[in-house]
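Biologist: I would like a close look at a single part of this model. Please keep to what can be read from the coordinates.

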Amino acid sequence: MQDVANPILIDQFYCDSPTTCQNQTSAVKISQIMYRNITGTTKSPKAIKFACSDTVPCSHIVLNDVNLEGKDGQVEAYCNSAEGFGYGVIHPSADCLYSHDDKGLDQSYKSETGHDEL
């Protein structure tokens, strides 16, 4: 990716309207998503953004070897009601995503990633 606006994005509050939208209270369940081997630059200060619903949180999001640099400065990760983990190189750090509870993580998913800890 080169000079993109939203390199990694989940936005359950998205609203396609020219006027201000109300806060969304319902959403589709998003789970077991993997972002792997992603490199590049971004225009946005939020290179990683997981804006998930408080009522239907995102779960089991995995980042593996993600390296995003800011074209005009530092970048950060933002998480709301999202849990998961990262391994390998993760830049910017997505500490907001990390969870230490893997009770609901499907065993086949853990086997595919080769990662037993969150």
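Which residue in β4 does T39 stand opposite?

Modeller: T39 stands opposite N67 in β4. This is a predicted model, in which local features need pLDDT of at least 70, side-chain atom pairs count only at pLDDT 80 or more, and totals for chains, interfaces and linings use all residues. Residues are numbered from 1 along each chain as its sequence is written, and side-chain values use heavy atoms, with hydrogens and water left out.

The sheet comes next. β2 and β4 pair in the parallel sense over 10 bridges; strands are DSSP runs of E with at least two residues, helices are runs of H or I with at least four, and both are numbered from the N terminus. Two strands count as paired if DSSP finds at least two bridges between them. In general, strands of a sheet pair through backbone hydrogen bonds, either parallel or antiparallel. Here three strands form an open sheet in the order β2-β4-β6, with parallel pairing. β2 (31-42) and β6 are at the edges with a single partner strand each, so one side of each has no neighbour in the sheet. From one strand to the next the twist averages 20 degrees, where axes are lines fitted to C-alpha atoms (for helices, over the stretch in contact) and angles run from 0 to 180 degrees between N-to-C directions.

Strand β2 also holds Y35. Y35 is buried, at a relative accessible area of 16%; buried means under 20%, exposed over 50% and partly exposed in between, with a 1.4 Å probe and protein chains only. Leaving aside neighbours within four places in sequence, Y35 is in contact (heavy atoms within 4.5 Å) with residues including I8, L9, F50, I61 and L63. I8 is 27 residues from Y35 along the chain, and their C-alpha atoms are separated by 8.1 Å.

Now the backbone. Most residues other than glycine have a negative phi, and most peptide bonds are trans. D65, in strand β4 (residues 58-70), has a positive phi of about 50 degrees although it is not a glycine. D65 is partly exposed, at 30% relative accessibility. D3, in the segment before β1 (8-11), is not a glycine either and has a positive phi of about 55 degrees. D3 is partly exposed, with a relative accessible area of 29%. Finally, the peptide bond from H91 to P92 is cis, with omega near 5 degrees. P92 is found in the loop between β6 (82-91) and α1 (107-113).
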